[in-house]
Amino acid sequence: MVNPCKIVEEHKTYDIGTFDGKEVTYDFEKILIYLDVKGKMLFGNGFKIYEEDHPIILKLCHYFIKDKENCEKNEIDPDKGILLSGPVGCGKTSLMLLLKNIVPLQKPYILIPSRNIVFGFNHIGYKTIEDYGCRQFFCFDDLGIEPIGRHYGKDCNVMGEILLSRHELFIDHKIKTHATTNLNAEELEDLYGNRVRSRMRELFNLVAFDEDSCDKRK
């Protein structure tokens, strides 16, 4: 049986826990070591995991490794997706690109900027919305800052329509959707409307950085 705790990167093996053939016991300190290495591989040597972010990273790790006991303590449903919110530059996108690597045996998700989806809609129309109504797992990055779509003179709230489709997929087939956003709940409701916002509550677990989290890009 494949050991899910052993991850090989550039011919070097990283143990992020122990596996007795049946049960996995993860070690958060070892996960942090691996995330630091993988982060530098993905984003360059300037990548750094900030100690102030350890609590939110731990919460996300509990979700990704499906630690039911700790998910329950944090009121996280492991069957739902993650909506990771926080101020600009706090590291949301990097974490969503990074954390899926600690569970290489799980079905991966594709991260795509929400604005790129709208640009696709503007070019080819409603087929774009249909394309995201598939069983692929997605993470919609920077949800809420995308422009309104326009195709042949008709406006469309593209991401709102896609979220409704993804909600149907979740209800019918447990297909997960993740997203990152700079907006709070009220701003999302103003943008997408009450109907979409209510579906988002069923679709996502909200995990939020502190409002005063620093901009790591500076």
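N116 is partly exposed, with a relative accessible area of 38% (partly exposed lies between buried, under 20%, and exposed, over 50%, using a 1.4 Å probe and protein chains only). This residue sits in helix α5, residues 114–124 (helices are DSSP runs of H or I with at least four residues, strands are runs of E with at least two, and both are numbered from the N terminus). The model you are looking at is predicted, so local features need pLDDT of at least 70 and side-chain atom pairs count only at pLDDT 80 or more, while totals for chains, interfaces and linings use all residues. Residues are numbered from 1 along each chain as its sequence is written, and side-chain values use heavy atoms, with hydrogens and water left out.

**Around N116 and helix α5**

- The C-alpha atom of N116 lies 8.2 Å from that of E146, although 30 residues separate the two along the chain.
- Helix α5 packs on helix α7 (residues 158–173) at an angle of about 100°, with the axes 9 Å apart; the axes are lines fitted to C-alpha atoms, for helices over the stretch in contact, and angles run from 0 to 180 degrees between N-to-C directions.
- That angle makes α5 roughly perpendicular to α7 (65 to 115 degrees counts as roughly perpendicular, under 35 as roughly parallel, over 145 as roughly antiparallel and the rest as oblique).
- S114, I117, V118 and F121 of α5 meet V158, M159 and I162 of α7, where contact means heavy atoms within 4.5 Å.
- By class, this contact has six nonpolar residues, one polar and no charged ones (Ala, Val, Leu, Ile, Met, Phe, Trp, Tyr, Cys and Pro count as nonpolar, Asp, Glu, Lys and Arg as charged, and the others, Gly among them, as polar).

**Helices α1 and α2**

- Helix α1 (residues 28–43) and helix α2 (residues 54–64) also pack at about 100°, and their axes are 11 Å apart.
- These two helices are therefore roughly perpendicular to each other.
- On the α1 side the contact is made by F28, I31, L32 and L35, and on the α2 side by H54, I57, L58 and C61.
- Seven of the residues in the contact of α1 with α2 are nonpolar, one is polar and none is charged.

**V207 in strand β11**

- V207 belongs to strand β11 and is buried, with a relative accessible area of 2%.
- Leaving aside neighbours within four places in sequence, V207 is in contact with I56, K59, L60, I76, I82, L83, L84 and S85.
- From V207 to C90 the C-alpha distance is 13 Å, across 117 residues of sequence.

**K216 and its polar contacts**

- K216 is placed in the segment after β11 (204–208).
- The K216 side chain makes a polar contact with the side chain of D53 at 2.8 Å (a polar contact is a pair of N or O atoms within 3.5 Å; within protein, one must be able to donate a hydrogen and the other to accept it, and residues adjacent in sequence count only if both atoms are side-chain atoms).
- The side chain of K216 also reaches the backbone oxygen of C90, at 2.9 Å.
- Not counting residues up to four places away in sequence, K216 touches Y50, E52, D53, G89, C90 and F209.

**The protein as a whole**

- The secondary structure comes to nine helices and eleven strands.
- The radius of gyration is 18 Å, close to the 17 Å that the globule rule gives for 218 residues, so the protein is as compact as a globular protein of that length (the radius is taken over C-alpha atoms, and the rule is 2.2 Å times the number of residues to the power 0.38).
- Along its principal axes, the C-alpha trace spans about 55 × 40 × 35 Å.
- Of the 218 residues, 44% are buried.
- Among contacts with a separation of 6 or more, 72% are between residues 24 or more positions apart.
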